[in-house]
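Hi everyone, thanks for coming.

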Amino acid sequence: RIRGRWPDLPVIALTAHALVEERERVLAAGMNDIVTKPILPDVLYAMLVKWLPKQIKPEPCAVQTAVDAVPPAPSFSPARAGAAPREIFDSSMALSRVNGDRQMLERFLRLFRERNAGALDAIFAAIEQQDWVTARRLAHTLKGVAGTVGLVGLQVAAARLEASLTRIVQHAGAESALLADDRAALELAWAQAQAALTVLLDQASPSELPLQSS
C-alpha cells in the first residue's frame, strides 16, 4: 500500500535480527534498508544521510558534529566497590544508547528492573508447558531489552536460549532435553544482572553511574 502511493519513499526496517536472511526478507518486502536494534547513534545518522532526499540532506560536517556530541563513556577504577564487570554490564554500550545521558540511563535501568521482574518465571513456565513459540518470543524480548540497557551477559544468555528454542520450534520439539544448560546459563546471567543493578541503582550515587571495571 505504501509503495502504491509513494513509490520512491525510503522505508527502513527496524529489527532486532541482524541475520542476512532478515535483510533479504525486508528488501523482498519492498523496503530500502535495515537498522538493527539496539540502535547506535552514529549508525542511525549514517542511515539518514544515506536515504534522505538530497535537498534536505544534512551537511556531512553537521552529521559528524552530532556524532561527536555523544560524550565518551567515563572510565572507572576496578577497585571501586561492587563494580560490575564489562561482561555483565557494558557502560560504554549503555551510554551510547542514550547519547551519554546518565539520568536517562538510570531511568531505563530502573524501568528494566521493574518491568522485567517476572521475565524468567514467564519463560520457564512456557518451557514447562512446552509452549516453545511463547518461550522463544519471551526470550527474544528479554534479549532485546537487556541489550538496550547494556546488560550484555543477560543479552547473550537470552540469545542462546532463543536460538535453542528456535531449533525446537523448527524441528517440532527436537533437542528439548538440551535446554537445561541454556536455562542454567540464563539463571546465572539473570542473577549477575540483578546484582549489578543493585550496585548501580541502590548503592551508587547518580554521579557515579554507571559503574564498570576495565
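The protein chain has 10 helices and two strands, where helices (H or I, at least four residues) and strands (E, at least two) are DSSP runs numbered from the N terminus. Along the sequence, the order reads α-β-α-β-α-α-α-α-α-α-α-α.

A quick word on the ground rules. This is a predicted model, with local features needing pLDDT of at least 70, side-chain atom pairs counting only at pLDDT 80 or more, and totals for chains, interfaces and linings using all residues. Residues are numbered from 1 along each chain as its sequence is written, and side-chain values use heavy atoms, with hydrogens and water left out.

Of the 214 residues in the chain, 34% are buried, meaning under 20% relative accessible area with a 1.4 Å probe, protein chains only. Taking contacts (heavy atoms within 4.5 Å) between residues at least 6 apart in sequence, 60% join residues at least 24 apart.

Let's zoom in on Ala 13, in strand β1, residues 12–15. Is Ala 13 buried or exposed? Its relative accessibility is 7%, so Ala 13 counts as buried. Setting aside neighbours within four places in sequence, Ala 13 touches Val 26, Met 31, Asp 33, Ile 34 and Val 35.

Now to a helix pair. Two packed helices are described by the angle between their axes and the distance between the axes. Helix α7 (residues 119–128) packs with helix α10 (residues 179–203) at about 170°, the axes being 11 Å apart. Axes here are lines fitted to C-alpha atoms over the stretch in contact, and angles run from 0 to 180 degrees between N-to-C directions. That angle makes α7 roughly antiparallel to α10, a label for angles over 145 degrees. On the α7 side, the contact uses Ala 119, Leu 120, Ile 123, Phe 124, Ile 127 and Glu 128; α10 brings Leu 179, Arg 183, Leu 186, Glu 187 and Trp 190. By class, these contact residues are eight nonpolar, no polar and three charged. Nonpolar covers Ala, Val, Leu, Ile, Met, Phe, Trp, Tyr, Cys and Pro, charged covers Asp, Glu, Lys and Arg, and the others, Gly among them, are polar.

Last stop: which residues line the second largest pocket? They are Phe 108, Leu 111, Phe 112, Arg 115, Asn 116, Val 145, Thr 148 and Val 149, each with an atom within 4 Å of a pocket point. Helix α6 gives the most to this lining, with four residues. Five lining residues are nonpolar, two polar and one charged.

How values were computed. Angles under 35 degrees count as roughly parallel, over 145 as roughly antiparallel, 65 to 115 as roughly perpendicular and the rest as oblique. On a 1 Å grid over the protein atoms alone, a cavity is a set of points where a 1.4 Å probe fits but cannot get out, and a pocket is an open set with protein on both sides within 12 Å along at least five of seven lines; lining residues have an atom within 4 Å of a point. Buried means under 20% relative accessible area, exposed over 50%, partly exposed in between (1.4 Å probe, protein chains only).
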